[in-house]
Structure formats: structure tokens, C-alpha cells
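Please examine the sequence and the structure below before reading on.

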Amino acid sequence: MIHYIKLILPCFFIITNASAQIEPEAGTWKTWFISSGKDYRLAQPPSYKEEIAEVISQQSKIDSAGLEQIQYWNAGTPGYRWLPMMYKLWMSDTSSYGTLANLLIGTATYDAMIAAWDTKYAYNRPRPFEADSRIKNYLPNPNSPSYPCEHSVAAGVGATLIAHFFPSMKDSVSRMAQRVMTSRIAAGAAFPSDTRDGFELGKRIAEEEIKKTIHFIPTQRWDGLRPDFPGVWKGEPMAPMAGHNKTVVLNSSNQFRPGPPPDFAKEMEELKNHKPNFRTIANAFLFGSQSYWEDLLHKKIFEYNIHLNPPRAARMYAITYVTVYDAFAACWDAKYTYWGTRPDQYDTTFTPVLIHTPPFPGYPSGHAVISGALGELYSSFFPAESVFFRKRAKDGAESRFQGGIHFRSDNEVGLELGRKVAWTVIERVKEDGSHQ
């Protein structure tokens, strides 16, 4: 019961403070790739009185399409629409730069939100609907100062990073960012200068974080060599140098490198004796086709009403994306150290349930590493549900055995490696000033 109360109280305060200030001290929280929120404090905004007429004018033009835009961009946290967009782009990218792009959408959104919160409470500018009774509020009360607009900050980060890593998307994300800013003004939640300066703040921090991490991804090419012993995975490898990525929290990607894989003879026999059924096939395809862990975090943030607290939600996303990035590097280090084969190469008569075998070595399982890491991380976010998260981590790892594309030791070693990465990250963020 005490353990449960410890979880509920922070969420209770997030909900009950819906009519109070939201995280007025968040501007002091420790950042990831910028020096501090205070160092990026914006200059004092101009008088908002000159902008009231523009807000009223925009509200006079609202139609059903405008209301839909307000509702769409207000859903979830300020970064809610941008984070999944980058995740999908990353998952379609076969280079190591996708992992960096995904890392930065988390850290830069958080760092920019901390800088925005420092500025907000330095000037305490009222929201338009608070400043003039003629302005209608089309949204639940944001309960934080108006300057700068937090949604525009997230748009500045998202549009800048996506355009940098995926240049063909530049025009599209620029138009999307403009729609975000327009929607906040029309909603009565932001003045035009709130949106303009917020976007520029997000853009500036995103550009700074791109510079800070420019050497995170190694530029050298794979030399084409692989070990010369039985049981080596064969094929054209995907991202063979990703294990050399510079890590964020880990000392290096090989900090927790596991020992070499075993002889897979007994495990191959176990796989061949496994009898797939509806439940095991469904589990294999669930984890093989869905962004399960990302979707689960979105869901839990909504369930606990943390989406009403932009800095706290951004913190969770940033920690998650740092963990995924370091766990990926650690996993790929082990994969391309040992080049462990996969079941359908070990025994060419074997046909996996999932049919498609990923284009990289099997040991350890990437799904197991990420599942082990996020099962532990989410347990630290929502401790009352730790049994559930750890069970799903095991399900995620087991899905790769059930799908026939990994040996059991791939999964067991992967789970343990992921847990070690998560525990290291959890220790690191205990002192970030958020008091959680």
C-alpha cells in the first residue's frame, strides 16, 4: 500500500495542480546537451497590448477546419505529434544516423522545454484569454505563463531536427510548424510573439544539439572483415559500425558487453521442437510489427495525466530516448563483436514463423535488449505497475524465440544487457533536480 501511495501522490499533485502553476521550478532542472535553461533565457517580451488585436482577428476567422487544427495540435504533450513522426522516420532509416535523430528529438525537446520554463517564470506573461476578456479560450487552461509558447518550442525542435536528418521532409515540417503556431494564437493560448520566439528557441537548441553530437556517429566505413570461425552470421550487414557510436550515459558501448555466444546446438533443437500456437504466433507478430514500447509510454503518460505537465512529460521521453540510444549502441557492439548466427542459417532446413530474418547478427536480440531496458525504465516511472512492465519485457524477448528468428540465449543475454543500461540511466537522472 505504501509503495502504491508513493506512485499516486506525484500524479495526484499533477492533476490537482491543474488550476495552479505547472512546475515553476522546472527551469532549474538539469539539461542533457545545453549548459542550463537559464543560459538560454529569452529577452523580455514586448508589450502584449499591441498583439491583442491580432489574436482577436484570428479568432474571428476560426472555422471548423481551424477548430480541428487547434484540437489536433493540443493533443498530448507539446512534442506529442513530433516524437512519433521521428520514430517512424528512424525505423525506416538503415543508417546509424537514425538512432541519433531519435535521441535528439527526445533530449532537445526536453532541454528546450526547460529553457522555455525558465523564461516563462522569469516574466510571467499572461495568456491572451487572461489579458483581454474579448479573447476566448478554446483549450483547457494551460496553467503556465504565455511566453514563450511551449508548443511552438516543440515545433521548432521537431521541424529543425527532421529537416536536418531527413532533408526531403523540410518543406512539409515547416508547414506543419506554421500550423502549430497559428493554432495556438487562434486558440487564445498564445500571442504571436510567444509563438515566433518559442519556435526560434526550439530551433536554436535543436541546432546546438546537432553540433554537440556531430561526432557521435563514426564516419569510418566497415572494413568488410568478419570472424573466421563456425557459427558466424552471413549476409550484407545493416549498420555494422553502430556499436562504435558515442554513448550518452554509458562510459562506452562495450561497458556491459556480454561474453561470447554458446554453441547453439541444443537451442536449435529446442526451436525445432517448439510447437507454435495462436498465442505464440500472435505475440511474435505483435512485437515484430508494432512500436510497442513507444506506444505504451504515450498511453501511460495519458493515463496518469502527465501530458498536462509538459516539462515532466518531456523528461520521461528524453530519458527513454537516451536509454534506447545507449541500449542500441550496446547491443550493436555485441552483435558485431561476435557475429552470432541466426536459426535459419544454423540449420537451413528450419523455417521461422516470422519468415523475414533481420539483416544483422542475432546475438544478442535487439528486441530483448530494448525490452529489458524499457521494462526497467518504465518500472521506475510507474512503480505500481512494475510487475506488468517486467512481464511485458519478457514477452517481448520471448516473441523473438516464438518467431523463430532468435535462439533463447540471444534473448536471455539481451534482457540482462538492457536492464544494465536502464539501471545506469536511472541512477544518472536521480540528481537532475526534478525530485523524482
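The points below cover the model, the chain as a whole and the largest cavity.

This is a predicted model, in which local features need pLDDT of at least 70 and side-chain atom pairs count only at pLDDT 80 or more, while totals for chains, interfaces and linings use all residues. Residues are numbered from 1 along each chain as its sequence is written, and side-chain values use heavy atoms, with hydrogens and water left out.

**Overall fold**
- The protein chain has 17 helices and zero strands; these are DSSP runs, with helices H or I of at least four residues and strands E of at least two, numbered from the N terminus.
- Along its principal axes, the C-alpha trace spans about 75 × 50 × 40 Å.
- Of the 436 residues, 57% count as buried (under 20% relative accessible area, 1.4 Å probe, protein chains only).

**Cavities**
- Three cavities of 30 Å³ or more are counted; a cavity is a set of points on a 1 Å grid over the protein atoms alone where a 1.4 Å probe fits but cannot get out.
- The largest cavity holds about 100 Å³ of space, a volume being the space filled by probe spheres set on the points.

**Lining of the largest cavity**
- Lining residues have an atom within 4 Å of a point; among them are Lys30, Trp32, Tyr110, Arg315 and Asp432.
- Helix H13 (310–338) and helix H17 (408–429) each supply at least two lining residues, and H13 gives the most, with three.

Methods
On a 1 Å grid over the protein atoms alone, a cavity is a set of points where a 1.4 Å probe fits but cannot get out, and a pocket is an open set with protein on both sides within 12 Å along at least five of seven lines; lining residues have an atom within 4 Å of a point. Buried means under 20% relative accessible area, exposed over 50%, partly exposed in between (1.4 Å probe, protein chains only).
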